[in-house]
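Here's a quick briefing for you to read alongside the model. Have the viewer open as you go through the points.

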Amino acid sequence: MTRAGLNAESITPEQALEILHCPDDEVFALVAAASKVRRKFFGNRVKLNYLVNLKSGICAEDCGYCSQRLGGQADILKYTWLKDEQVEDVVAAGLASGVKRVCMVASGTGPSDRETDKVAGMIENIKDAHPEVEVCACLGFVTEEQAQKLRAAGADAYNHNINTAESHYTDICTTHTYQDRTDNIETVKGAGMSPCSGLIAGMGESHEQLVEAIFALREMGVDSVPVNFLLPFDGTPLEGQRILQPLECLRILAMVRLVHPDTEVRAAAGREQHLRSLQPIALELVNSIFLGDYLTSEGQSGQDDLKMLADAGFVVEGQESPAADGLEHAQVPIRRRGAGTQLAPNA
C-alpha cells in the first residue's frame with residue numbers, strides 16, 4: 001500500500017477497508033507506513049488555516065450534525081454579518097501566527113447576490129492588504145455568477161463538504177441532497193476556485209460508507225480534504241453520539257492519506273476531543289490543521305497548537321524556521337466572545 005502512495009497512486013477500496021479494520025496493536029505500524037507517503041509529498045511542513053465565522057446560526061437547513069441547523073436548540077452564539085474592520089482584525093491576528101489560508105464561512109443555505117457582493121468586498125480587502133494569503137470561501141450553495149464574482153475578487157478556493165457517503169446522506173439531512181453538494185463543488189471548480197471538500201466521521205456511518213465517501217472525493221478531484229470528527233452538540237439529532245477512540249481516528253486519517261497520497265489532508269473540527277493525546281501522532285498523517293477555534297466550538301488554543309507543532313519537529317508552511325521560533329512574539333486568536341474575536345499577545 002505504501003508503494004502505491006509513494007507513486008501518488010491511490011490504494012483500492014478493499015485496502016482502505018482493511019486499514020479501518022487494522023488491529024489496535026498494529027495501528028502505529030500503519031501510521032509509520034502512511035507517514036512515509038505524507039513525508040514524501042509534504043516533508044515536515046504543516047499548513048495552518050484559520051476560520052473566520054462571518055455569520056453564525058440562523059440556517060434553514062436541517063443537517064443533523066450541525067449546531068446551526070433549522071430548529072436546533074444548541075447553545076451557540078448567533079449573530080449577523082461581521083463588520084469589515086472586525087474581519088480585518090481577525091485575519092491580521094491569524095497571519096501573525098503563520099496562517100497561510102483564511103477560511104471565510106457564513107451560515108445559511110447560500111448567499112444572496114447582495115451578500116455575495118459583501119463577501120467579495122471583504123476578500124478584495126484581504127488580498128489588497130495581504131496578497132500572499134490564500135482565501136477560501138464557504139458560503140453554502142452558490143450560482144455560477146456568484147462563484148465567478150468570488151473568484152474575481154480573489155478567492156483561491158471554495159469549501160463545501162460532502163460530509164458523508166451518498167448512501168448515508170438521507171440519514172443526516174432532508175432539506176437538500178448529496179447531489180446538490182456535489183453539483184455545487186462542480187460549480188465552484190468551473191469558476192476557477194480550488195475545490196475543498198471533506199467529511200465528518202462519527203455520525204453512525206459504517207466503515208464501508210467512510211470508504212465510499214473518501215473515494216467519491218478522489219473521483220471529484222478535490223485539492224483539499226478536511227477530516228472532521230463529530231462534535232455531538234446538545235440540542236441536535238446526533239446529541240449523545242459516541243466519541244471515537246484515538247486509534248480509530250488514526251486509522252481513518254491513515255486511510256484518507258493513502259487514498260489521497262499527494263493531496264492536502266486536514267485534521268479539522270473535533271480533533272482535540274477524539275484524538276486527545278494522540279494529536280501529535282496525527283501530524284504524521286495530515287499536513288494541515290485549523291489554528292485555534294472552529295465555527296461554534298472552542299478548539300485547542302492557537303498557542304498550544306503552535307507548541308504542539310514545534311515539539312513534534314514540524315515547520316509551519318511558508319516559514320523557514322521551526323514552529324517554535326515564532327511563538328514569543330506572535331499574536332494568536334483566543335476565545336471568541338460575541339460577534340468577533342479578541343486578540344492578545346502570547347504570554
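This is a predicted model: local features need pLDDT of at least 70, side-chain atom pairs count only at pLDDT 80 or more; totals for chains, interfaces and linings use all residues.

Elsewhere, helix 2 and helix 8 cross, with their axes coming within 10 Å.

**Strand 2 and its two faces**
- Arg101, Cys103 and Val105 point one way from strand 2, while Val102, Met104 and Ala106 point the other way.
- Whichever way they point, all of these residues are buried, Arg101 included.

**Strand pairing**
- Strand 1 (residues 45–55) pairs with strand 2 in the parallel sense, over six bridges.
- Across that pairing, Arg101 of strand 2 has Asn49 standing opposite.
- Strand 2 also pairs with strand 3 (residues 134–138), again in the parallel sense, this time over five bridges.
- Here Met104 has Ala137 of strand 3 as its bridge partner.
- To get from strand 2 to strand 3, the chain goes through helix 5 (residues 113–129), giving a right-handed β-α-β crossover.

**Helix 2 against helix 8**
- The axes of helix 2 (residues 13–20) and helix 8 (residues 207–220) cross at roughly 130°.
- That angle makes helix 2 oblique to helix 8.
- The crossing of these two helices is right-handed.
- On the helix 2 side, Pro13, Ala16, Leu17 and Leu20 make the contact.
- Helix 8 contributes His207, Glu208, Leu210, Val211 and Phe215 to that contact.

Key. Residues are numbered from 1 along each chain as its sequence is written. Side-chain values use heavy atoms; hydrogens and water are left out. Buried means under 20% relative accessible area, exposed over 50%, partly exposed in between (1.4 Å probe, protein chains only). Helices (H or I, at least four residues) and strands (E, at least two) are DSSP runs, numbered from the N terminus. Two strands pair if DSSP finds at least two bridges between them. A crossover is right-handed if, with the strands pointing away from the viewer, the path from the first strand over the helix to the second runs clockwise. Axes are lines fitted to C-alpha atoms, for helices over the stretch in contact, and angles run from 0 to 180 degrees between N-to-C directions. Angles under 35 degrees count as roughly parallel, over 145 as roughly antiparallel, 65 to 115 as roughly perpendicular and the rest as oblique. A crossing is left-handed if the near helix is turned anticlockwise from the far one by less than a right angle, and right-handed if clockwise. Contact means heavy atoms within 4.5 Å.
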